[in-house]
Amino acid sequence: MGLDIRIPIGLMFSIFGVMITLFGIFTNSSVDMYKKSLGINMNLWMGIGMLVFGLFMLLLVKLAKKDEK
Amino acid sequence: MLHLEWIDYAIMVIYFLFVLGIGWVLKKHMKTAGAFLEAGRSMPAWVAGLAFISTNLGALEVMGMTGSGMKYGMLTTHFYWIGAIPAMIFLALFMMPFYYGSKARSVPEFLKLRYDEKTRGLNAILFAVMTILASGISMYALALLMNSVLGWDFNVSLWASAIIVLAYTYLGGLSSAIYNEVLQFFIIVIGLLPLVILALMEVGGWGGLKEHLAPIVTTMKDHHYAADTFTTTWKYTGNMQGNPLGVEWFGILFGLGFVMSFGYWCTNFLIVQRAMSAESKAAAIKVPLIGALPKMFIPFLIIVPGIAAIWLSSIHPDAFKILNLGTGHPRYDYTIIALLQYYLPTGLLGLGITALLASFMSGMAGNVSAFNTVWTYDIYQSYIRPATKDKAGDDKHYLSVGKITTIVGVLLSIAAAYIAGKFGNIMDFLQTIFAMINAPLFAVIFLGMFWKRTTGHAAFIGLLAGFLVALLHHGLTIPFGSDTMFKGGWITNMLGMDKNLYVYPVEMAQNFWTAIFAFATAVFLTVGLSFATKQQKSDEELKGLVYSLTPRVKVHVDEWYNRPVVLAIIVGVIMISLSIIFW
């Protein structure tokens with residue numbers, strides 16, 4: 001009904017991905033902060049993962065539009 | 001108490017903007033009652049399928065199941081595998097063709113078409129009360145959680161979350177609820193994913209988890225569990241004492257796997273409504289099967305971290321203090337909160353909390369949208385203002401009734417939330433009682449779909465008697481060690497009898513048997529009375545509603561992955577494989 005839900009999903013996770021990845025990069029030197037997550041910079045990894053997922057959703061939308069044409 | 005930084009709040013705010021934005025975009029399509037209350041029957045199968053599973057993934061479910069992981073270990077997966085998948089396959093292949101094909105707009109309306117007005121009325125009223133209760137209890141839990149974990153004001157949390165849900169369901173109706181459920185599904189999965197990754201890394205994978213648990217499990221007070229009890233599913237279900245669930249294999253297979261799960265998945269309109277919103281009959285049949293695929297893997301996301309928490313809480317008792325372990329009243333439901341706090345750094349913590357908020361909202365919006373449809377069509381249109389000859393005028397009227405009902409539904413939920421705060425036990429009790437209608441309802445709908453002789457009078461009596469027997473059973477038995485009448489035994493007490501009819505080892509066993517008795521009563525009475533009463537409906541009227549009277553249309557589907565039977569076999573094989581792997 002008038003909405004391809006993949007667009008908001010793709011946009012939202014791309015935004016989250018960029019935010020969390022950048023935050024992960026800026027806080028990379030903070031050992032204390034990542035003690036919780038077993039010394040792994042989880043922000044960086046999850047951020048990249050979300051960005052990839054978000055862009056993949058947007059790509060699907062683009063491919064679907066191409067198909068229609 | 002959790003501490004959130006600006007980035008955590010930023011994630012939360014962006015999520016809410018998207019939620020409201022979806023409602024806003026859909027607003028212009030809400031021109032008819034059908035668009036608002038039935039999503040115009042236009043949803044692609046995968047969208048409805050993810051919404052189908054997301055509605056079920058409410059926050060109380062997520063929190064409860066992680067807690068159950070800690071309490072019962074891998075046995076909790078019975079609620080996801082045997083206790084869900086067979087019922088979902090059955091719903092898809094055998095029931096959706098009739099639900100969807102009958103053009104009924106709700107489950108109560110199906111009862112009206114197949115049986116009569118009184119059967120519909122009984123079901124509609126019980127369902128309406130049940131959804132408001134469920135929605136109120138979940139909102140109360142949300143506000144309480146935000147208050148105790150984030151330090152937010154109780155009233156502000158309650159009203160703010162209610163207003164957001166109201167805004168997007170008012171703007172976009174059922175479509176908005178469904179689309180948002182899909183968004184919520186992804187944020188719940190992605191937001192909670194780091195927990196299982198980090199938990200498994202810390203315990204050293206599945207093998208490490210088993211090793212760490214062995215000494216804890218074998219030395220549990222008052223029990224003699226085998227070392228791998230908490231990492232297996234069926235192995236120790238030979239008797240009630242051998243596993244923490246307190247139920248043996250027969251109870252799990254028949255009580256949970258058949259009566260409870262078929263009652264829930266195949267008749268609960270909250271769930272079935274998602275499949276009914278699909279764009280075609282073929283899509284509607286696929287909806288539960290598509291939903292079943294992620295359903296089977298959700299245990300790894302929420303139950304496995306709970307199991308890991310058994311060991312984690314023994315080596316870091318301070319980090320899990322919030323659970324009150326070792327006291328008389330442990331709060332297992334807070335396991336997921338403790339894990340979020342334990343593992344997630346600023347940034348991902350915001351995402352995790354947003355995931356929890358999202359799951360609260362998906363449960364609330366689901367209840368409100370289902371209440372809306374049942375109220376408008378099955379109560380208002382049937383008893384208060386029936387349809388007239390003026391179709392266009394009617395539609396406009398029911399659309400505005402639907403919109404007003406959204407507001408009223410949310411306000412009633414808020415009232416229910418405050419009552420839950422004051423009389424929590426009574427609300428839980430009422431919810432247990434109303435859930436008892438599912439098992440007899442399944443009996444009645446099942447007989448109606450597959451036996452053309454079933455009559456309306458028989459169905460009504462079967463439904464009512466099943467419900468009364470459930471009440472009677474609950475009132476005359478108690479779970480072991482219960483010190484409150486809300487858990488059963490209230491009739492015993494009222495009549496001043498000196499002891500209960502039966503004492504179950506655990507509450508779950510009592511619930512299973514309540515459902516089994518209710519189901520059996522409904523089947524026997526409905527079948528018996530169908531022979532004794534006259535069928536009021538002609539074969540022609542029952543076309544499309546009863547299996548033997550519906551002409552079978554052979555639809556050829558080219559792609560193998562779009563054939564329902566193929567999908568069902570895939571889902572079944574995965575479920576059986578998982579059960580064997582974690583036997």
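A: Begin with burial: a residue is buried if 20 or more other C-beta atoms lie within 10 Å of its own, exposed if 12 or fewer, and partly exposed in between, with C-beta atoms placed from the backbone. This is a predicted model, in which local features need pLDDT of at least 70, side-chain atom pairs count only at pLDDT 80 or more, and totals for chains, interfaces and linings use all residues. Residues are numbered from 1 along each chain as its sequence is written, while chains are lettered from A and ligands numbered from 1 in the order in which they are written.

Q: Is B:Leu441 buried or exposed, and why?

A: B:Leu441 is buried because 32 other C-beta atoms lie within 10 Å. B:Leu441 lies in helix H17 of chain B; helices (H or I, at least four residues) and strands (E, at least two) are DSSP runs, numbered from the N terminus.

Q: Which residues does B:Leu441 touch, leaving out those up to four places away in sequence?

A: Two residues are in contact if their C-beta atoms, placed from the backbone, lie within 7 Å. For B:Leu441 the partners are B:Asn123, B:Gly263, B:Thr267 and B:Leu463.

Q: At what angle do the axes of H10(B) and H17(B) cross?

A: Axes are lines fitted to C-alpha atoms, for helices over the stretch in contact, and angles run from 0 to 180 degrees between N-to-C directions. Angles under 35 degrees count as roughly parallel, over 145 as roughly antiparallel, 65 to 115 as roughly perpendicular and the rest as oblique. Here the axes cross at roughly 70° and come within 8 Å, so H10(B) and H17(B) are roughly perpendicular to each other. Residues making the contact include B:Phe262 and B:Gly263 of H10(B), and B:Leu441 and B:Phe442 of H17(B).

Q: How many nonpolar, polar and charged residues are in that contact?

A: Ala, Val, Leu, Ile, Met, Phe, Trp, Tyr, Cys and Pro count as nonpolar, Asp, Glu, Lys and Arg as charged, and the others, Gly among them, as polar. The contact of H10(B) with H17(B) has 8 nonpolar, 3 polar and no charged residues.

Q: Into which domains is chain B divided?

A: Domain bounds come from an automatic or database domain assignment. Chain B has domain 1 (6–432) and domain 2 (436–552), with 24 Å between their centres, taken over C-alpha atoms. In chain B, 32 residues of domain 1 are in contact with 27 residues of domain 2. On the domain 1 side, H10(B) gives the most, with 11 residues.

Q: Which residues touch the most other members of the largest nonpolar core?

A: A nonpolar core is a set of buried Ala, Val, Leu, Ile, Met, Phe, Trp, Tyr and Cys residues joined through C-beta atoms within 7 Å. In the largest one, of 217 residues, they are B:Ala48 and B:Ala518. H8(B) gives the most to this core, 23 residues. Beyond four places in sequence, B:Ala48 has contacts that include B:Ile178 and B:Val287.

Q: How are H3(B) and H8(B) set against each other?

A: The axes of H3(B) and H8(B) come within 8 Å and cross at roughly 70°, and the two helices are therefore roughly perpendicular. Among the residues of this contact are B:Ala48 of H3(B) and B:Ile178 of H8(B).

Q: How many residues of chain B are in contact with chain A?

A: There are 32, and they meet 22 residues of chain A. H8(B) supplies the largest share of the chain B side, 10 residues. By class, that side has 24 nonpolar, 7 polar and 1 charged residues.
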